[in-house]
Structures are given as structure tokens and as C-alpha cells.
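Hi,

Here is the structure I promised to pass on to you. Have a look at it first, and then read my notes below.

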Amino acid sequence: MSKFTKLVSGELKRMVTYKILPVSLATAVVWMVLLVYLTENEAREIAPLLIFVDVAAMSILLLGAFHHLEKQEGTIRTMMVLPVSPGHILAAKTIAAMVLAVESAVVTSAALFFIHGIRFNWWVLLLFVVIAGAAHAAIGFVLCLESKDFPSMLGLLVAYMFLFTVPSILFSFGVIDAKYEWLLMISPSHAASHLITSVVSGDYDPPLMIAACLYLVILSAVLFKFAVYPKFKGHAVKG
């Protein structure tokens, strides 16, 4: 097993130890139970919102809890003595964080198929969830690294959701008119919501879809290179 594979495996084991992965799975089970009581049309409408909330909010929340639990125990500082680079440690943590988003999408997609027989392009959904998950993992790391403890991280997350996630949810319910969607695309949350909704509904808008993909990929690269990595390296050295 390579050093990087061991790093990812270690991250996933700690997610189980800290109850992060079980909590994420429990949330997905709640969504499954909810889908049982919905009609096929209702399930197809609400499913993108459930996946979106897990990718854009729950994954950041659980990442924050994971980061600050590790910080309390000095885990990251211990990892710095291993013969691996800080970049490898950060990449392993990013993959582990994205597992939370992918797991939600897989469970919800399976529930839609087995409960209501709803099919769509699962591979495209997986691709979009990975793109959106990477961007929100970067955002989650920024919030973690800018906060002193978990409560202060929650405050930053609430502010982020108020600015970027809530408008997208209001758009999903038709509160915000469709003519403002290009304006909403400045929000990473709405870009993620548009991609997920387009797959599940089968209603593709190529210009918006391409713009959302490019935006999230560029945002991920910029945040990881200029905001997350330098701060992560500094925090890891300080413990």
C-alpha cells in the first residue's frame, strides 16, 4: 500500500472514530425515509435539493467538526513527522471530505431507483458531485483555518450559507425568478445546485452547465493554491 493510500485510509478511519462518517450515513438514511413518503414526481423534485444540501452544507459542517477534533488531539502536527509532504496530507484530507458528498449522492440515487424506479445519468452526477465537492471542501478548509474553534467555525458557516446557500434554496422553490439565474451563478453553492439539479431533472442548459463546471474547478484551484495550502502548512507546524 502506498504512503498516500495509507494517508487516505487513515483519514477515513478517523472519520469513523470521530463519528463523522456514521453521522453522514445517518443523514442519508433520513433522506431515504423521506423519499419513501413522497410520490415519484415529488421525489424527483426534492432529491437534487437533498444532495445539494449534503454537498454544499453538511460536508462543510462535518469537515469543520473533523478538523477541530484533530486539532484538539494534535493529530495534524503528529502527521507532519511522517515522511510525506503537507500537500499529500491536505490531498488525503480533501479526498476524505469528498467521500461525504459522494456517499450522500450514491445513497440518494440508489433510494430514488429502488423506491421510485427513477433513473438518470449516474456517472454524470458523480462527476458533478466530485467537482462541487472539491470546491466546497476548499471552502470548508478556508472556514476551518480562519476559525479558532468549532463554534466560531459554525458562525462563519452560517454567514456563508446566508450569503450563498439560502438564495440557491429560494431559487429551487421558485421564490427567486429564473431570469436571475446567471446572477446567482457567482455563488459556488448555486453553481453546484445547478449541476446536480440538471442531472436529476434531465433538463440541461449547456452554457450554464459549462460555466458552473469551469467556475467550480477554477475556484477550487485558486482556493487550494493561494488560501488553503499556505494556511494549512502554517497551522500544521504550529499544531
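**What I found**

Among contacts in the chain (heavy atoms within 4.5 Å) between residues at least 6 apart in sequence, 78% join residues at least 24 apart. Before going further, please note that this is a predicted model, where local features need pLDDT of at least 70 and side-chain atom pairs count only at pLDDT 80 or more, while totals for chains, interfaces and linings use all residues. Residues are numbered from 1 along each chain as its sequence is written, and side-chain values use heavy atoms, with hydrogens and water left out.

**Overall build**

The C-alpha trace spans about 55 × 35 × 35 Å along its principal axes. Of the 239 residues, 48% are buried (buried means under 20% relative accessible area, exposed over 50%, and partly exposed in between, with a 1.4 Å probe and protein chains only).

**The cores**

Which residues touch the most other members of the largest nonpolar core? They are Leu125 and Leu216, in a core of 35 residues. Such a core is a set of buried Ala, Val, Leu, Ile, Met, Phe, Trp, Tyr and Cys residues joined through side-chain atoms within 4.5 Å. Helices H2 (20-36), H3, H5 (86-116), H6, H9 and H10 (206-238) each supply at least two residues of this core, and H3 gives the most, with 8 residues. Leaving aside neighbours within four places in sequence, Leu216 is in contact with Ile131, Ala132, Ala135, Pro188, Ala191, Ala192 and Leu195. Another core lies apart from this one; it has 24 residues, among them Leu90, Ala92, Ala137 and Leu145.

**Helix H7**

H7 bends by about 45° at Met161, the bend being the angle between axes fitted to the seven residues ending there and the seven starting there. Its buried residues are Met153, Leu157, Tyr160, Thr165, Pro167, Ser168 and Phe171. They pack against helix H3 (40-73), helix H6 (122-145), helix H8 (181-184) and helix H9 (188-201). Just after H7, Gly174 takes a positive phi of about 80°.

**Aromatic rings**

Rings of Phe, Tyr and Trp (its six-membered ring) pair if their centres lie within 6.5 Å; planes under 30 degrees apart count as stacked, over 60 as edge-to-face and the rest as tilted. By this rule there are 5 aromatic pairs. The rings of Phe113 and Trp122 have centres 5.8 Å apart and planes at 90°, so this pair is edge-to-face. Phe113 is partly exposed at 25% relative accessibility, and Trp122 is partly exposed at 35%. In Tyr160 and Phe164 the ring centres are 5.1 Å apart and the planes are at 40°, so that pair is tilted. Both residues lie in H7 (residues 150-172), 4 residues apart, about one turn of the helix. Tyr160 counts as buried at 8%, whereas Phe164 is partly exposed at 27%. Phe113, Phe114, Phe120 and Trp122 form one aromatic cluster.

Happy exploring!
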